[in-house]
Amino acid sequence: MTFSTKKVAVVTGGAEGLGAEICRFLARDGADIAVWDRNIGLAQQVAAELRDAGVNAIACEVDISSKAQVDAAAAKVREALGPVAILVNNAGISPEKSFVDITEDEWERVFDINAKGTFLCTQAVIGDMIDAKWGRVINISSSSAQSGAPRMVHYAATKGAVIAYTKALAREVAPMGITVNNIPPSTVYTAGLQSMEERLGSIDEYVKNTIPVQRVGQPADIANAVSFLASEASSYVTGVTLSVNGGRYMQ
Ligand SMILES: NC(=O)c1ccc[n+]([C@@H]2O[C@H](COP(=O)([O-])OP(=O)(O)OC[C@H]3O[C@@H](n4cnc5c(N)ncnc54)[C@H](O)[C@@H]3O)[C@@H](O)[C@H]2O)c1
């Protein structure tokens, strides 16, 4: 998908995993890219890789749970690249713990990053989209919110919040030319899944029993879907949960 006019995209958690691949795909589509991450070293590496390929790209050090840091990053992007047209709310943490052991602090931390962070980042840039009468917000949720997930009650609750947030915001901003959609990944091969594989020895049996297409997801599977939802071709798609999951959970 290529854009008919210049577009600036912010990708949170863009330093690695799904976020880094999303940066590459949106850059391929012709967008200027702002890589937002609390890991500034890796974020700078992704931005440098894109610049080497001829893309306008910057990295911003930001903890998305801090309104001051998010607002400062948005100002930096406007100054360096221009108003934001596309936001991918991808940054997140995915803690695992038995329900009875989850502490109040742990509950608040995962909500601060996954749910409040999504709100703060969107609010920081949506004014640009309203002014332009065009915008794309793509939230990365999780299949755990659709199917449930043991030992991830706090995490799944944040991602359920992200899905509800997507629908409510989509209704509010659709008349302004802005679409809001979410993608709930499941079992995509990133560092998190590699550590699961190390713990379990092999995930082959899991894949055989739970994923109809019989393979784990790759970051490109998610990035392709983001590319479509960010494109001009998707203007009639809003409030949607696009389940890119190899058939693991069917709506
Ligand atoms: N990989 C999967 O199978 C899978 C499945 C379901 C949902 N997801 C969701 O997809 C998203 C990306 O997952 P991933 O596997 O690429 O994760 P990852 O851990 O590989 O990458 C997450 C990135 O977000 C950044 N980040 C975390 N907290 C941050 C904060 N407070 N402020 C700024 N940056 C922060 C990290 O530094 C990291 O670069 C997450 O929201 C995750 O919940 C992933």
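1. The largest pocket holds about 1,400 Å³ of space. Keep in mind that this is a predicted model. The elements that each give two or more residues to the lining of this pocket are α1, β2 (32-37), α5 (144-147), α6 and α7 (191-200). Of these, α7 gives the most, with 6 residues.

2. Pocket lining. In total, 45 residues line the largest pocket. Ser94, Tyr155, Thr190, Gly192 and Leu193 lie nearest its centre. By class, the lining splits into 18 nonpolar, 18 polar and 9 charged residues.

3. The shell. The ligand is surrounded by 24 residues. Asp37, Asn90, Tyr155, Val188 and Thr190 are the closest. Sorted by class, the shell has 11 nonpolar, 8 polar and 5 charged residues. Two helices, α1 (17-28) and α6 (153-173), each supply at least two residues of this shell. Both α1 and α6 also give two or more residues to the pocket lining.

4. An oxygen atom of the ligand is 2.8 Å from one in leucine 18. A ligand oxygen is likewise 2.8 Å from a polar backbone atom of asparagine 90. For valine 62, a polar backbone atom is 3.4 Å from a nitrogen atom of the ligand. Taken alone, the ligand exposes 830 Å², and the protein buries 88% of that.

Notes: Residues are numbered from 1 along each chain as its sequence is written. This is a predicted model: local features need pLDDT of at least 70, side-chain atom pairs count only at pLDDT 80 or more; totals for chains, interfaces and linings use all residues. Side-chain values use heavy atoms; hydrogens and water are left out. A residue is near a molecule or strand if one of its heavy atoms lies within 4 Å of it. A polar contact is a pair of N or O atoms within 3.5 Å; within protein, one must be able to donate a hydrogen and the other to accept it, and residues adjacent in sequence count only if both atoms are side-chain atoms. Accessible areas come from the Shrake-Rupley method with a 1.4 Å probe; for residues, only the protein chains shown count as cover. Helices (H or I, at least four residues) and strands (E, at least two) are DSSP runs, numbered from the N terminus. Ala, Val, Leu, Ile, Met, Phe, Trp, Tyr, Cys and Pro count as nonpolar, Asp, Glu, Lys and Arg as charged, and the others, Gly among them, as polar. On a 1 Å grid over the protein atoms alone, a cavity is a set of points where a 1.4 Å probe fits but cannot get out, and a pocket is an open set with protein on both sides within 12 Å along at least five of seven lines; lining residues have an atom within 4 Å of a point. Grid points are joined across faces, edges and corners, and a volume is the space filled by probe spheres set on the points.
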